[in-house]
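Here is a friendly walk through a two-chain model, in questions and answers. Have the viewer open as you read.

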Amino acid sequence: MNSIYEVYQALSMIERVLVFLVLAPFAGGLLAGVDRKLSARLQGRYGPPVRQPFFDVLKLFQKERILVNKFQNFNIVLFFLFTVFSGAIFFAGADILLAVFGLALAGTFFILAGFSVGSPYSHLGAEREVIQMVSYEPMVILMAVGMYQVTGSFKVADLVQHQAPLILYLPGIFAGFLYILTIKFRKSPFDLSMSHHAHQEIVRGITTEFSGPALALIEITHWYENVLLLGMVYLFFGFNPWIALAVSLATYLFEIFIDMNYARFKWQLTFASTWLFTAVAGISNIVVLSIMK
Amino acid sequence: MAWFKRSPWILHYNATSCNGCDTEVIVSLTPLYDLERFGIINTGNPKHADILAVTGSVNEKSVQVLKNLYDQMPNPKVIVAVGLCAISGCVFQDCYNVMGGVDKVLPVDVYVPGCAARPEAIIDGVIMACEILEKKYREQKKRRG
């Protein structure tokens, strides 16, 4: 059962990073394909093939490169690099705080990309993305803090091999993390800034002015990000790899189910509900833990 | 490789339609016809689109918007004229404000007849447009060397 960890420990840090860099886009793209197929089935449609996201990205790389200004793609490349960086840090087994902050920096560059172009839709999307970030970021940091409280370490390699199941100590943190995961996956009801679904009131939000290869890069970044976030879900159940993998997958399916069942929230409700949930589930969990110790 | 055929994204613009053809375009996205099984997505954004589906005849006002949308689409791109009005102007062709079909102002690649065009015909037209998209991409690549 622990053969996964034996393989993992046998690899050096560089090798772990390389495995992540190569495998994550395939896993992420496949997950996106499953998402689209399952969403279609839930709506009573036949749906595109599971490989559809790969077709989309390969097509986008063949499209013409249109630039509104020269800073536009610079920000997108940094968004990509920092997301990959935090994923690499995470899967190499290094500091989870660094991964969390790297992800926040990547998000910041994505917002800057939205603001760097002239389209009002893009600006509106970027403003909404700021609100989303303010909503979810406390919970992400609380997750790292809660894990530190239980294990006494910020290193992912230590967290994942902690003998006691983290979920038993951090049920509130896990519930809160699940809540903000809907924002991170860009799923309804929190897909304010950009949506994968066809029609949105602000066209395509942040990605309105990005076409061709830049849009493909945004999509690939999103795949990396999804794999990283599911990796964080994995940590809660790290005591048993098979349960952890099953729960990670179940979380993704759960998010699709939520996506299909909710209409989009207003930003006020998104912000207030997320912070309220963070306070009730996340902070109370940490307070209880600190009293118990 | 032929990726355009696997994921053509549509931008739909209503030039001056009676909404008959518009409804049919939307109907082809519903569970009964489900355009998305071919990887076709109805984007609301010209910068993401490969195929411009135009319904209705072009008039003096909508021509600017139509040209603007077409110019914003990255190459390669294809125009599909959906319905009789988009093809020739139909019964409106003698109106003082109507310029006629879409091909009076932009190069149309596929004509989908019908008043209103049937969803089956629209899907057929879009699939045909995919082939033209591929051809345009190959030509474009050859020109650049």
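Q: Which residues does B:Val82 touch, not counting residues up to four places away in sequence?
A: This is a predicted model, and the contacts follow from its coordinates. Leaving out residues up to four places away in sequence, B:Val82 touches B:Cys21, B:Val25, B:Ala53, B:Val54, B:Thr55, B:Val112, B:Ala117 and B:Ile122.

Q: Which residues touch the most other members of the largest nonpolar core?
A: The largest nonpolar core holds 115 residues. Its largest share, 14 residues, comes from helix α10 (residues 213-236) of chain A. The residues that touch the most other members, though, are B:Leu52, B:Val54, B:Val80, B:Ala81 and B:Val82.

Q: How many residues does each chain bring to the contact between chain A and chain B, and which helix gives the largest share of the chain A side?
A: The contact takes 25 residues from chain A and 19 residues from chain B. On the side of chain A, the residues divide into nine nonpolar, nine polar and seven charged. The largest share of that side, six residues, comes from helix α3 (residues 52-62) of chain A.

Q: Are helices α5 and α6 of chain A roughly parallel or antiparallel?
A: Helix α5 (residues 96-116) and helix α6 (residues 120-151) of chain A pack with their axes 9 Å apart, at an angle of about 175°. Angles over 145 degrees count as roughly antiparallel. Therefore α5(A) is, relative to α6(A), roughly antiparallel.

Q: What is the class make-up of the contact of α5(A) with α6(A)?
A: On α5(A), the residues in the contact include A:Phe110 and A:Ile111, and on α6(A) they include A:Val130 and A:Met133. By class, the contact has 14 nonpolar, five polar and two charged residues.

Q: Is B:Asn19 buried or exposed?
A: B:Asn19 lies in the loop between β1 (9-16) and α1 (20-27) of chain B, and has a positive phi of about 85° although it is not a glycine. Because B:Asn19 has 12 C-beta neighbours inside 10 Å, it counts as exposed.

Note on methods: Residues are numbered from 1 along each chain as its sequence is written. Chains are lettered from A and ligands numbered from 1 in the order in which they are written. This is a predicted model: local features need pLDDT of at least 70, side-chain atom pairs count only at pLDDT 80 or more; totals for chains, interfaces and linings use all residues. Two residues are in contact if their C-beta atoms, placed from the backbone, lie within 7 Å. Helices (H or I, at least four residues) and strands (E, at least two) are DSSP runs, numbered from the N terminus. Ala, Val, Leu, Ile, Met, Phe, Trp, Tyr, Cys and Pro count as nonpolar, Asp, Glu, Lys and Arg as charged, and the others, Gly among them, as polar. A nonpolar core is a set of buried Ala, Val, Leu, Ile, Met, Phe, Trp, Tyr and Cys residues joined through C-beta atoms within 7 Å. A residue is buried if 20 or more other C-beta atoms lie within 10 Å of its own, exposed if 12 or fewer, and partly exposed in between; C-beta atoms are placed from the backbone. Axes are lines fitted to C-alpha atoms, for helices over the stretch in contact, and angles run from 0 to 180 degrees between N-to-C directions. Angles under 35 degrees count as roughly parallel, over 145 as roughly antiparallel, 65 to 115 as roughly perpendicular and the rest as oblique.
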